[in-house]
Amino acid sequence: MSISILFSVKVGGNLVESYNIKNIIDSIEKNSFYKNHEIHFFIEKNINKNLFSYLKLINKKNLKLFYYDKLSWYQWLINSFNNANQFDYLITCHDDVYIVTNNFDKILGDELSNINNLGCFSFIDDGYKRRLFNPQTRGAYHIDRVYKDSRAKGIEAEYHLQKPNWHTKCLYLRKLYNTVTNYKKNNKLEIDNNFYFEVLSRIFLNYSKIDFPKKKIRVHSFWTALMGFRVQNLKYFTINDFDVSHGLFADEDTCLSTQINNLQNILLPNVSYYHDRNMDISRSWKNIKRDYDKVSNIFKKNWHYYPTKIELLSLKERIDLINFLTTKYNNKFT
């Protein structure tokens, strides 16, 4: 059965380059099976002149460009939801995310078609191949995280077979490696310039023991880098307006909204994408730092708790939070 997908991409900031946009388009067109998709770019005026010129030259029938002086994350999502009415699925993603798996649309259609209460879905981010800590999902309330600090130690989920704190050592090694080699992207993916670091990282990381699930699994929450939806289920949940241009806590907010409405969030391990980011930090980190308190307070107003990393809480505070959420939301989040 053929499926149709709308890809919606938010483009903003002077750090976005034309090769980012080209890679998005090429990766979707190269790896689509059904070829009946559309790509919508939502573009803010704060992009650089070279990118603006490049976008004007693109001429594809399945590509639409929408220009805004300023566009919040919430406004982008609402516009994306509204534009998706004629499609089976909607995939929202960053402007530096590229599909990797061939026939990904056929795979996701086959895998998700029998899940009527589908909330969000996402794929494996191949960024883990850089040999850095790259958790596939936002942190949840798992026993090993609550009692053993598994996320802080880098031994959560697919990294559970690694030695504690391997990730901080690999990150330091990567920074040193980049400095010594004078590494620069030059429009290339970091994983394409990774051979010698792969050898060095073996000191701390047993790459062969990264343990992904073998089939689709239910998860708590994804990252904003790539989030997919079945369009017919969008009507069952609402999202909150954090009044910022970036996606701070938008992923958690969206996935809580699905769960409170009895929808399931699903990770598909047999489809991959690559989030082409620098090291372990978002390009929007300055804006995120500036807006952190504002967004946290709006989140608290709507969900009745602060979205604080549980690693910053004492064990008693963690358990108290889980007990509160369990009671408040009838065990839907925990």
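Guide: Let us begin with burial: a residue is called buried when its relative accessible area is under 20%, exposed when it is over 50%, and partly exposed in between. The model shown here is predicted. Phe42 has a relative accessible area of 1%, so Phe42 is buried. Tyr68, at 26% relative accessibility, counts as partly exposed.

Visitor: How many aromatic pairs does a search of the whole structure find?

Guide: The search finds 25 aromatic pairs. In one of them, the ring centres of Phe42 and Tyr68 are 6.1 Å apart and the planes meet at 20°, so this pair is stacked. Phe42 belongs to strand S2 and Tyr68 to strand S3, and the two residues are 26 apart in the chain.

Visitor: Which arrangement do the rings of Trp303 and Phe333 adopt, and why?

Guide: Planes over 60 degrees apart count as edge-to-face. The planes of Trp303 and Phe333 stand at 75°, with ring centres 5.9 Å apart, so the pair is edge-to-face.

Visitor: Which residues do ring pairs link into a cluster?

Guide: The cluster consists of Phe242, Phe249, Tyr292, Phe299 and Tyr305.

Visitor: Let us turn to charged side chains. How many salt bridges are found in the whole structure?

Guide: The general idea is that side chains of opposite charge can pair when their charged atoms come close. In this structure the search finds 16 salt bridges. One of them joins Lys10 and Glu44, whose closest N and O atoms are 2.8 Å apart. Lys10 is in strand S1 (residues 5–11) and Glu44 in strand S2 (residues 38–44), so that the pair links distant parts of the chain, 34 residues apart. Lys10 and Glu44 are both buried.

Visitor: What does the salt bridge between Glu29 and Lys60 tie together?

Guide: These two side chains meet at 3.6 Å, N to O. Glu29 is part of helix H1 (residues 18–31), whereas Lys60 is in the loop between helix H2 (49–57) and strand S3 (63–68), so the pair ties together parts that are 31 residues apart in sequence. Glu29 is partly exposed at 26% relative accessibility, and Lys60 is partly exposed at 34%.

Visitor: Where does the charged end of Arg131 sit?

Guide: A charge may also be read against a ring. The charged end of Arg131 sits over the ring of Tyr207, 3.5 Å from its centre. Lys106 lies over the face of Phe33, at 5.9 Å from the ring centre.

Visitor: How many disulfides does the search find?

Guide: The search finds zero disulfides. A disulfide requires two cysteine sulfur atoms within 2.5 Å. The sulfur of Cys255 has its closest cysteine sulfur in Cys120, at 4.0 Å, which is too far for a bond. Cys255 is buried, with a relative accessible area of 0%. Cys170 also counts as buried, at 0% relative accessibility.

Technical notes:
Residues are numbered from 1 along each chain as its sequence is written. This is a predicted model: local features need pLDDT of at least 70, side-chain atom pairs count only at pLDDT 80 or more; totals for chains, interfaces and linings use all residues. Side-chain values use heavy atoms; hydrogens and water are left out. A salt bridge is a side-chain nitrogen of Lys or Arg within 4 Å of a carboxyl oxygen of Asp or Glu. Helices (H or I, at least four residues) and strands (E, at least two) are DSSP runs, numbered from the N terminus. Buried means under 20% relative accessible area, exposed over 50%, partly exposed in between (1.4 Å probe, protein chains only). Rings of Phe, Tyr and Trp (its six-membered ring) pair if their centres lie within 6.5 Å; planes under 30 degrees apart count as stacked, over 60 as edge-to-face and the rest as tilted. A charge sits over a ring if NZ of Lys or CZ of Arg is within 6 Å of the ring centre and within 35 degrees of the ring normal.
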